[in-house]
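Me: I want to learn how to read helix packing and chain contacts from coordinates. Can we work through an example together?

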Amino acid sequence: MDMLKITGLYKHFGDKEVLKGLDLTVPEGSIFGFIGKNGAGKTTTMKTVLGLLKADSGEIEVAGERVVYGQTATNRYIGYLPDVPEFYSFMNASEYLAFCGEITGMDRAEIAARSSELLELVGLQNEKHRIRGFSRGMKQRLGIAQALLNRPRLLICDEPTSALDPVGRKEILDILLAVRKQTTVLFSTHILSDVERICTDVALLGEGNISIEGKLSDIKTGYRRDEYTILTESRSDSEILCDTFSGITCDDQGILHFSESSHAHVEILRFICDRNISILKIERTEPTLESLFMEVIDK
Amino acid sequence: MSNLAAFIRKEVTEHIRSGKITILVVIFIILGIMNPAIAKLTPWLLETMADTLAESGMTVTEVTVSALDSWVQFFKNLPMGLIAFILFESNSFSKEYQSGTLVLSLTKGLKRHTVVTAKAIVISTLWSALYWLSFGITYAYNAYFWDNGIAQSLLFSVVCGWLIGVFAVALAVFFSTVAKSNTGVLMGIGTIFVLSYILSVIPKLNEYLPTRLLDGNSLIYGKSSPKDYAAALILTLAVIVVSFIASIPIFNKKQL
Ligand SMILES: Nc1ncnc2c1ncn2[C@@H]1O[C@H](COP(=O)(O)OP(=O)(O)OP(=O)(O)O)[C@@H](O)[C@H]1O
Ligand SMILES: [Mg+2]
């Protein structure tokens with residue numbers, strides 16, 4: 001089943017078209033990486049899903065139920081961590097969780113049990129100070145704890161790792177990985193290594209719509225362009241190769257690049273054997289998400 | 001119901017921990033004491049100034065003050081207390097809009113009308129408590145020094161004063177759901193009051209305007225009777241009810 005389904009979503013601010021017919025499907029049980037550069041419209045999309053922004057047109061369904069703007073009933077399925085979470089700073093972490101539990105109608109015993117479990121998970125169990133004095137990393141963790149409090153079926157995190165140092169980032173990613181068994185996770189980011197680390201599914205938000213979407217593994221194989229690099233012993237040999245095969249390019253370090261689509265690699269190997277060209281290295285390169293996305297964005 | 005209680009509890013905790021309640025209580029105690037104190041000090045003040053006044057040709061005859069003078073002070077200081085109260089409370093919503101704290105509560109499934117209801121309850125209860133505290137202090141001193149009995153329709157006149165505060169609270173809630181900033185809220189309330197003052201120049205209209213309720217003096221001196229205030233009272237009550245009710249659908253559609 002699909003936890004979240006967005007079809008034909010349009011949203012503009014003033015004369016600026018931010019979302020132009022965005023379609024997105026988040027399967028249940030996935031960790032879904034929602035990638036896009038600054039200003040692409042990630043936050044806008046998420047806020048629309050939460051009924052905090054009114055869409056110009058388009059349909060959004062959460063757990064098969066339609067999302068309406070304003071008083072949004074589907075939010076009971078969702079745990080949300082905004083990009084800059086703001087809490088009542090006069091409370092401490094467990095008071096805040098208790099407040100959250102009460103407004104969602106959890107009973108006292110359940111709140112106490114769940115709070116301590118979550119504070120433990122995010123590593124705030126010994127923090128007794130008021131939220132006023134929390135660092136951004138601590139706020140981010142408390143944000144995840146409050147989002148998970150009423151066992152949401154869908155956890156939406158808006159750039160949960162952006163403001164954090166590498167250690168903090170790893171910890172947040174580990175938490176997201178750990179909650180995967182309990183909930184579907186949708187998180188936005190512009191850090192591709194985070195996505196490669198934990199996501200099962202990804203979508204890239206380009207010019208107001210999704211340019212690639214699917215299982216991370218499928219995308220990686222599907223877009224594998226079979227790139228090769230060759231390093232010859234002598235510079236003159238690489239020039240010969242460049243001249244003979246139009247699809248081969250030579251970079252500053254004298255390394256040759258080509259892809260299977262322009263020349264079959266066996267053809268080139270045969271040429272190398274025939275000419276007795278001695279080579280230092282020949283390698284088939286794995287595409288990184290980054291190279292893949294750069295390619296898509298460039299198109 | 002329990003989420004309403006939870007949000008009210010949050011509001012109260014916030015008031016206590018931020019020290020807002022303490023400051024407001026102090027202000028209203030001072031106002032309550034000031035009314036009889038000023039009345040009590042008037043003869044003494046005039047006496048000390050008698051020589052200066054005599055030089056300029058005025059003779060000071062024996063001045064006697066009564067509870068009435070203290071109540072006159074009460075109604076004179078009422079706008080001051082009300083303004084202080086509104087300045088303290090008008091940012092109740094806008095503060096949350098600016099910091100984004102409501103977003104988390106609402107995306108947890110808290111009903112929007114619960115937020116409006118809780119804030120309206122807390123602010124009007126606080127106003128009532130402070131107002132009657134101030135009234136109680138003045139009343140007690142007056143009873144000790146003089147006799148409250150000479151003030152006519154006293155209860156009615158102070159209820160009018162209390163109601164004008166509830167009116168201001170209702171406007172604060174209403175404008176908070178319309179405007180985004182605290183300035184917007186204050187301007188909204190200010191505009192309504194100024195308008196009411198300006199229109200009260202027209203005698204025919206004066207009878208209906210909420211600001212009429214601030215004129216407790218005519219009542220306690222017996223120059224006018226409660227039934228002259230009926231129209232203003234009904235209109236004010238109507239505005240209060242309409243403001244509270246209208247703010248809920250507006251808030252439901254508000255972009256946060
Ligand atoms: N309330 C608003 N009023 C006007 N323009 C807005 C508003 N919110 C967003 N925008 C515009 O919409 C575009 C998308 O913004 P959005 O915050 O969704 O991007 P994002 O992908 O979350 O970026 P980031 O990675 O920086 O968080 C931006 O160009 C922004 O200027
Ligand atoms: Mg954003």
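**Reading salt bridges and helix contacts**

Reply: Start with one pair: the side chains of E117(A) and R114(A) form a salt bridge, with N and O 2.8 Å apart. Keep in mind that this is a predicted model.

Me: Where do E117(A) and R114(A) lie?

Reply: Both sit in helix α3 of chain A, residues 108-121. They are 3 residues apart, about one turn of the helix.

Me: How many salt bridges are there over all chains?

Reply: The count over all chains is 17. Between chain B and chain A it is 2.

Me: Which residue forms a salt bridge with R17(B)?

Reply: E95(A) does. The closest N and O atoms of E95(A) and R17(B) are 2.8 Å apart.

Me: Now the interface. How is its size given?

Reply: Often as the accessible area lost when the parts come together. Here, about 2,600 Å² is buried between chain B and chain A. Carbon and sulfur atoms give 55% of that area. The contact takes 28 residues from chain B and 29 residues from chain A.

Me: Which three residues supply more than any other three of the area that chain B buries against chain A?

Reply: R17(B), L104(B) and K108(B), with 31% of the area on the chain B side. R17(B) is also the partner of E95(A) in the salt bridge.

Me: How do I describe two packed helices?

Reply: Use the angle between their axes and the distance between the axes.

Me: Which residues make the contact of α2(A) with α1(B)?

Reply: From α2(A), E95(A), F99(A), E102(A) and I103(A). From α1(B), S2(B), N3(B), A6(B), F7(B), R9(B), K10(B) and R17(B). By class, the contact of α2(A) with α1(B) has 4 nonpolar, 2 polar and 5 charged residues.

Me: At what angle do α3(B) and α6(B) pack?

Reply: About 155°, with the axes 11 Å apart. Helix α3 of chain B covers residues 67-89, and helix α6 of chain B covers residues 112-145. The angle makes α3(B) and α6(B) roughly antiparallel. The crossing is right-handed. Residues in this contact include W71(B), F74(B) and L78(B) of α3(B), and W127(B), L130(B) and F135(B) of α6(B). By class, the contact of α3(B) with α6(B) has 13 nonpolar, 4 polar and 1 charged residues.

Me: And how do α3(B) and α7(B) cross?

Reply: At roughly 15°, with the axes coming within 10 Å. Helix α7 of chain B is residues 154-178. That angle makes α3(B) roughly parallel to α7(B). This crossing, too, is right-handed. Among the contact residues are W71(B), F74(B) and L78(B) of α3(B), along with V158(B), G161(B) and I164(B) of α7(B). The classes here are 12 nonpolar, 3 polar and no charged residues.

Technical notes. Residues numbered from 1 in each chain as written. Chains lettered and ligands numbered in written order. Predicted model: local features only at pLDDT ≥ 70, side-chain atom pairs only at ≥ 80, totals over all residues. Heavy atoms only, no water. Axes fitted to C-alpha atoms, helices over the stretch in contact; angles between N-to-C directions. Helix = DSSP H or I, 4+ residues; strand = E, 2+ residues; numbered from the N terminus. Parallel < 35°, antiparallel > 145°, perpendicular 65-115°, else oblique. Left-handed = near helix turned anticlockwise from the far one by under 90°. Contact = heavy atoms within 4.5 Å. Nonpolar A, V, L, I, M, F, W, Y, C, P; charged D, E, K, R; others polar. Buried area = accessible area lost by both parts, 1.4 Å probe. Salt bridge = Lys/Arg side-chain N within 4 Å of Asp/Glu carboxyl O.
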